[in-house]
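Subject: Handover of a structure

Dear colleague,

Please find below the structure that I am handing over to you.

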Amino acid sequence: MPDVVLGETDEAYARVFDAMYSARAASGIVRNLYAQAMGDLYPWDVDPAGSADWPLMGSMVGALRMHPNQQLVDLGCGSGGVGLWLARALGVAMTGIDISALALRLAADRAPAFQIPDTRAEFAVGLRTATGLPDQYAHGLVCVDALGKRVQRPAVLAEIRRVLKPGGRAVLTSSRSRTVRAPTWQEDAAQAGLVLEAGYERPHEPQMWSRLYGLWIRHEAELRRELGDEQTDSMLHEARAHAPMLGNRQALVVTLRRPLNDASPAARRDPACPVVLPSTEPDRGGRRSPLFLPMPDVR
Ligand SMILES: C[S@@+](CC[C@H](N)C(=O)[O-])C[C@H]1O[C@@H](n2cnc3c(N)ncnc32)[C@H](O)[C@@H]1O
């Protein structure tokens, strides 16, 4: 899969993530602090750069509904653990896309540990809004903690729809404020020509971030020794800026589906050709099933 050529601004972002992955790869401290914050929900072999814990990994297996030998995309894959773990669990091929070339090298090096041959794990530099992947490439896609800012969401969802085969599913993590009014996931999905198939809240996730940020702050001296000042300053800035907002944060996981019989974006924009997107949400005895299912709280 060819790399996407990045513009100047994206190159600058890529350098920030390269530096982060390079520093973290040279030390076990960040991984250990994630493990402390997640407790026994920490999936050691996934080694996520975010909130991917055992409940999330398990729910993605169920939500993707993939068959062996199909094609999965891990969008914003970082060092690849989420996609590689899913590829092994589901017997599918995976392609990881990320802005950081260094993260992708780490990811490719990890494929043998997941018993995945080179022919079934590919990695390429790309953007969440421009992956460089062909149309209708994938049966399934995951994007964990990599959706980016809200303002970009229509472009990211349009790219996800383009890359998915009709009938394919994407599982995305996202978070939002409980008080700021924003378009719902139904609205965002429909605008992109996707169907919101399922979604649930992860109330334990903001608590995990709160524990993690507390650990980063308490281990400042060790972080400076292991990762250097630049990385530590950036982590502490994130911890101090985000921690106060966690009480108001709603962490969500949504499954979006490209309809089996969808029309092109041009046809959807044409008022003479209205497209009714089929709802795949199960209807139990005339009642809609609850869209957001609670997850058990963990300490
Ligand atoms: C929080 S990490 C999550 C990594 C991985 N999904 C996981 O759960 O371990 C976010 C990832 O998004 C990538 N990223 C940031 N901006 C991006 C963009 N515009 N296009 C593609 N990837 C991007 C970063 O390099 C980073 O690897």
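This is a predicted model: local features need pLDDT of at least 70, side-chain atom pairs count only at pLDDT 80 or more; totals for chains, interfaces and linings use all residues.

Residues are numbered from 1 along each chain as its sequence is written.

The chain's secondary structure comes to 11 helices and 10 strands; helices (H or I, at least four residues) and strands (E, at least two) are DSSP runs, numbered from the N terminus. Of its 299 residues, 40% count as buried. A residue is buried if 20 or more other C-beta atoms lie within 10 Å of its own, exposed if 12 or fewer, and partly exposed in between, with C-beta atoms placed from the backbone. Two residues are in contact if these C-beta atoms lie within 7 Å. Among contacts between residues at least 6 apart in sequence, 74% join residues at least 24 apart.

Strand β1 (residues 71-75) is largely enclosed by the rest of the structure, because five of its five residues are buried. Q71, V73 and L75 point one way from β1, and L72 and D74 point the other way. β1 pairs in the parallel sense with strand β2 (residues 93-98) over five bridges, and L72 stands opposite M94 in β2. Strand β4 (residues 138-143) also runs parallel to β1, joined to it by three bridges, and there L141 is the bridge partner of V73. Two strands pair if DSSP finds at least two bridges between them.

Leaving aside neighbours within four places in sequence, the contacts of A87 include L72, M94 and F114.

Finally, 21 residues surround the ligand, and F17, G76, G78, V144 and A146 are the closest; a residue is near a molecule if its C-beta atom, placed from the backbone, lies within 6 Å of it. Both α1 (8-25) and α4 supply at least two residues of this shell.

Yours sincerely
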